[in-house]
Amino acid sequence: MQESKNFFQNKTPWKLCSTSCSAQYGSYMFDPYGDIYPCLEIVGQKKHCIGIFSEGKIEWNSIKEYWHSYNVGKNLICKECKYALLCGGMCRAKEINNINEGDLTCTLYKSAFSRAINYSYSKYIY
């Protein structure tokens with residue numbers, strides 16, 4: 001809603017994004033053993049550990065690039081969606097864990113976006 005208000009009322013350009021969460025560009029979760037994960041949703045899943053913190057140093061591994069290179073262009077559903085750069089795409093961790101919230105998330109976003117645009121247009125243009 002705030003984006004649509006800024007767009008219509010303040011003439012601020014709409015922010016486009018190719019990712020939906022900081023796990024894709026710099027969020028880190030540390031477990032008690034020093035393992036580093038990009039997201040709280042996958043802490044403890046060793047195959048998604050992106051590095052290790054030990055003796056005051058961080059050692060990254062190749063999994064970090066897997067997470068940080070993911071964007072809406074790499075998701076088949078998002079790639080075809082006209083809202084992709086507005087919402088930033090689906091949750092990578094839920095996709096990996098086969099939590100099928102994609103359809104619900106997309107439906108809710110499209111509905112909320114439409115309502116926000118219509119409301120802001122009618123309030124700030126007319």
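Colleague: Before we start, which pLDDT do local features need here?
Modeller: Residues are numbered from 1 along each chain as its sequence is written, and side-chain values use heavy atoms, with hydrogens and water left out. This is a predicted model, where totals for chains, interfaces and linings use all residues, side-chain atom pairs count only at pLDDT 80 or more, and local features need pLDDT of at least 70.

Colleague: Let's look at the strands; how many bridges link S3 and S4?
Modeller: Strands here are DSSP runs of E with at least two residues, helices are runs of H or I with at least four, and both are numbered from the N terminus. Two strands pair if DSSP finds at least two bridges between them. S3 also pairs with S2 (residues 35–37) in the antiparallel sense over two bridges. With S4 (residues 57–60), the antiparallel pairing of S3 runs over four bridges.

Colleague: Which residue in the turn of that hairpin has a positive phi?
Modeller: Ser54 has Lys57 in S4 as its bridge partner. The S3 and S4 hairpin has two residues between the strands, and the one with a positive phi, of about 50°, is Glu55.

Colleague: Is Asn75 buried or exposed?
Modeller: Asn75 sits in the loop between helix H2 (63–68) and helix H3 (76–79). Buried means under 20% relative accessible area, exposed means over 50%, and partly exposed is in between (1.4 Å probe, protein chains only). Asn75 has a relative accessible area of 4%, so Asn75 is buried.

Colleague: Which side chain does Asn75 join through a polar contact of 2.9 Å?
Modeller: A polar contact is a pair of N or O atoms within 3.5 Å; within protein, one must be able to donate a hydrogen and the other to accept it, and residues adjacent in sequence count only if both atoms are side-chain atoms. At 2.9 Å, the side chain joined to that of Asn75 belongs to Tyr70.

Colleague: And Lys110, what is its relative accessible area?
Modeller: Lys110 lies in helix H6 (residues 102–124). Leaving aside neighbours within four places in sequence, Lys110 is in contact (heavy atoms within 4.5 Å) with Cys81 and Tyr83. Lys110 is partly exposed, because its relative accessible area is 35%.

Colleague: How many residues make up the largest nonpolar core?
Modeller: A nonpolar core is a set of buried Ala, Val, Leu, Ile, Met, Phe, Trp, Tyr and Cys residues joined through side-chain atoms within 4.5 Å. Cys81 and Tyr83 are among the members of the largest one, as are Trp14 and Phe113, and its residue count is eight.
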